[in-house]
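Dear colleague,

Please find below the structure that I am handing over to you. My findings are set out after it.

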Amino acid sequence: MKNPPPRSPITRLGIPPTLAWGYLGLLLFMIGDGVETGYLSPYLLDRGLSESRVALLFTVYGVAAAVAAWLSGALSDLWGPRRVMWAGLGVWGAFQLLFLTAAIPLTSYPLIMLAYGLRGLGYPLFAYGFLVWIAGVAPRARLGTAMGWFWFAFTGGLPTLGSLVAGGLIPHIGAYATLWAALVLVAAGGLIALLLVGDDRGVRRAHGEGEGPVATLLGSITILWRNPRVGVGSVVRVINTASQFGFFVILPIHFTRTVGFSLTQWLHLLSAMFATNIFANLLFGVVGDRFGWRRTIAWFGGAGCALSTLLLFYVPDAVGANFPLALLVAAFYGATLAGYVPLSALVPTLEPKHQGQALAALNLGAGASTFVGPAVVAVFVGPLGVEGVVWIFAGMYVLSCLLAHFLKLPAAPGTAEADGAGARHGDAPDGTAPTTAPAGVRGPH
């Protein structure tokens, strides 16, 4: 019997070989999208816009991004991921051109609102379209790792490397020209991913043939109760980053005015938090494949975030402006946020015939977290203070730990799980990823 051919380095890393160029393209795209993150707001203020108008602009952008995050999965079921990614690249490029050639030079707020607000549709269509593509290609046994690499590229570009690029370019070419550089990076990344990835599973619809557009779009909502486990996964995804967006509102003020850090020190803590998160995304993708997706989400994500959230408040509150200790707890919080990475592998596996719809529901949860976190702060910071809000977020993480135990995987036909006592509900009892993929998850070789 012949030995199997040696696996390529890309395969050993857990990256589907046919999608390798897509990961590079995603990284460049997200670097370009993240270039403006750290300076667009003050740049627009310098152009004469009021703070309230800038805040409204970013709110509209966030709503557009949340809608596109939901649509990306549903449209991938309808059109195929590649076409959704082309749509995202086209939307981003077209409205960025309008933003740079007309809205900014004319300082026209209606044009700025139109161009920048609608540009928010672009990156979720591109990035989350690729997420659906990965779900349809990666072997089930390595799907968590493949998703970890997705989030590594996504968060590596936005905001981390994007902000570094801006910091390097602005002193030399200026803020306006740097926005043009962002367009170049996005175009380069998008074209690399779309022209160099040849996997045909991004072209055709893998599932749901015969369903009309309306049924497909509605299906991405009704799946929340058609498959309650997908609904639970969406709730867990809301909880995942709710504290992150809530902390953006209250922690800068708390750390600078109450604890005693300077604004520069707080920004360094924030950078450490998300630099750690980048690498932890990859780590917990691998851990999920070995330890079990469900267990990783419950213990490293839910329980880990409950602990890190409390430490992030109580350690600086107890010791004061001790930067090394604050750095440690900030990095720990950023790492535990990544404990939820296996959700991107687990949720589409819960609905193998409608992976796009399942990911649309998951992305809907991601978009909702951008509103839930600040809403918790707005409602409770007055009566309970910052400490009370922190305990609410910690409680939400404990709830997500409990909910994660309901996210049992369907067993692959012919496996021990399918033939044993757990088969009545189609669950893998231990929450790990079976090595045999169900039809449609792995796809043809």
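The model is predicted, so local features are reported only at pLDDT of at least 70 and side-chain atom pairs only at pLDDT 80 or more, whereas totals for chains, interfaces and linings use all residues. Residues are numbered from 1 along each chain as its sequence is written, and side-chain values use heavy atoms, with hydrogens and water left out.

The protein chain contains 17 helices and zero strands; helices (H or I, at least four residues) and strands (E, at least two) are DSSP runs, numbered from the N terminus. Of its 445 residues, 53% are buried, where buried means under 20% relative accessible area, exposed over 50%, and partly exposed in between (1.4 Å probe, protein chains only). The accessible surface comes to about 18100 Å², and 71% of that belongs to carbon and sulfur atoms; areas come from the Shrake-Rupley method with a 1.4 Å probe, and for residues only the protein chains shown count as cover. Taking contacts (heavy atoms within 4.5 Å) between residues at least 6 apart in sequence, 83% join residues at least 24 apart.

Helix α11 (residues 228-259) packs against helix α12 (residues 263-291) at an angle of about 145 degrees, and their axes are 9 Å apart. Here the axes are lines fitted to C-alpha atoms, for helices over the stretch in contact, and angles run from 0 to 180 degrees between N-to-C directions. On the α11 side the contact is made by Q244, F248, L251, P252, F255 and T256, and on the α12 side by L263, W266, L269, L270 and F274.

Finally, E36 sits in the loop between α2 (20-34) and α3 (40-46) and is buried, with a relative accessible area of 5%. Beyond its neighbours within four places in sequence, E36 is in contact with Y116, R119 and L179.

Yours sincerely
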